[in-house]
Amino acid sequence: MTEAIHREGAAAAIQLGHCGYFANPRVIGGRPWGASRRFNTYGLSFARPMAEADVERTVADFVAASRLAVEGGFDAVELHFGHGYLVSQFLSPFTNRRRDRWGGSLENRMRLGVEIVRAVRASLGPQGNILVKMNLRDGFPGGLKIDEAAQLARRLEAEGATGLVLSGGFVSRTPFYMLRGEIPLRPMIAVQDRWWTKVGLFFFGRLFVQEFPFAEDFFLEDARQIRQAVRLPLMLLGGIKSRAGVDRAMAEGFDLVGMGRALIHDPTLTRKMQTGEVTTSACVPCNECIAEMDRGGVRCTRC
C-alpha cells in the first residue's frame, strides 16, 4: 500500500492508537484497561485501572508498532492521544482519578503521552516523523481544557514531536463535538447488532449524543491558541470543505489541513480544487457516514 501511495507522489502516515476502556470486552476477552475504574457509557463496561507493568507494556507496544510502520514504508506515524481513547483517558481529569505518578496534576496526567513520544523518538531517531493527534478540549465540564492543551502542546514539542494534529471531543461524552452537524440517529440504531443497544439509542440517544452546530473551520479559534504556544507544524481540521477554508488555515499560520467527510464524499476533491473545477465540497454534515462504520466500512450515503 505504501509503495502505491509513493508511486503517486504522496507521503503515507498511519494512525496508531489504543482504545483503552473503549475496547470491546467481547473482542479482547475481559475488562478493558483504563486510567481509573470508570464506567464507559459507550461500551457499557467498567475500566480496569492499569498497573505500572501495563503502562510499561503499552509504551513498548507503541514503540514496536511505530517501528513496524516505518519498516512497512510509512513516512510518518500519528500517535492518537485524543477523542477519549487511552492516552486521552489519562489526560482528562474526568477519567483519570489516580493518585500515583500517572494522575492528579496535569504533569502527571500527561506523563503517559510524554513517555510514549519520548520512547518512539528514541526508537525512530531524529529523522523519524512523529505526529500527535490531541484534543483542544474534551468538550464538557470536567474534561481537558484549552489551557491544559496548550501546556501539553509545549511539552510534546520539547519531547521531539514533529507536528500536532488538533482535534477535540470525547467519544463517550461528546462524540459529535469533533464532527458537528446532524445526528443520524435512525441509521445509528439500524446498524447496531445488539437489541439492547438499539433500544437504548432509541430512547436515550438524544441524551447521550448532543448536537453541535456545524460551521467550517470550527476548531480554528481554539487552534489559534496552540499556534501561539508552539513553533512546530500544526494541522488544522474541523469541517474544512472549501478552498477558501484551506486558504484561511494557511493564512492563519497552519502548516497542514485535515479533511475527512469532504474526501469521503469525493476522494478527488483536492485535485478538483487545484484545477479550479470546484471551490467547495458538496458534502452536507448529515454524518450518515459515521453510522456506516458499523455496517462494514465508512462510505458516503449521498454520493
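In these legends, Ala, Val, Leu, Ile, Met, Phe, Trp, Tyr, Cys and Pro count as nonpolar, Asp, Glu, Lys and Arg as charged, and the others, Gly among them, as polar. The model is predicted, so local features need pLDDT of at least 70 and side-chain atom pairs pLDDT 80 or more, while totals for chains, interfaces and linings use all residues. Residues are numbered from 1 along each chain as its sequence is written, and side-chain values use heavy atoms, leaving out hydrogens and water.

**View 1. The second largest pocket.** A pocket is an open set of points on a 1 Å grid over the protein atoms alone, where a 1.4 Å probe fits, with protein on both sides within 12 Å along at least five of seven lines. Here the volume, the space filled by probe spheres set on the points, is about 200 Å³. Look for Trp 33, Arg 48 and Arg 57 among the lining residues, which have an atom within 4 Å of a point. The lining divides into five nonpolar, three polar and three charged residues.

**View 2. An open parallel sheet.** Six strands line up as β1-β6-β7-β8-β9-β10; strands are DSSP runs of E, at least two residues long, and two of them pair if DSSP finds at least two bridges. β1 (13-16) and β10 (256-257) are at the edges with a single partner strand each, so one side of each has no neighbour in the sheet. Further in, five bridges join β7 (residues 130-135) to β8 (residues 163-167), and Lys 133 has Val 165 as its bridge partner in β8.

Key
Helices (H or I, at least four residues) and strands (E, at least two) are DSSP runs, numbered from the N terminus.
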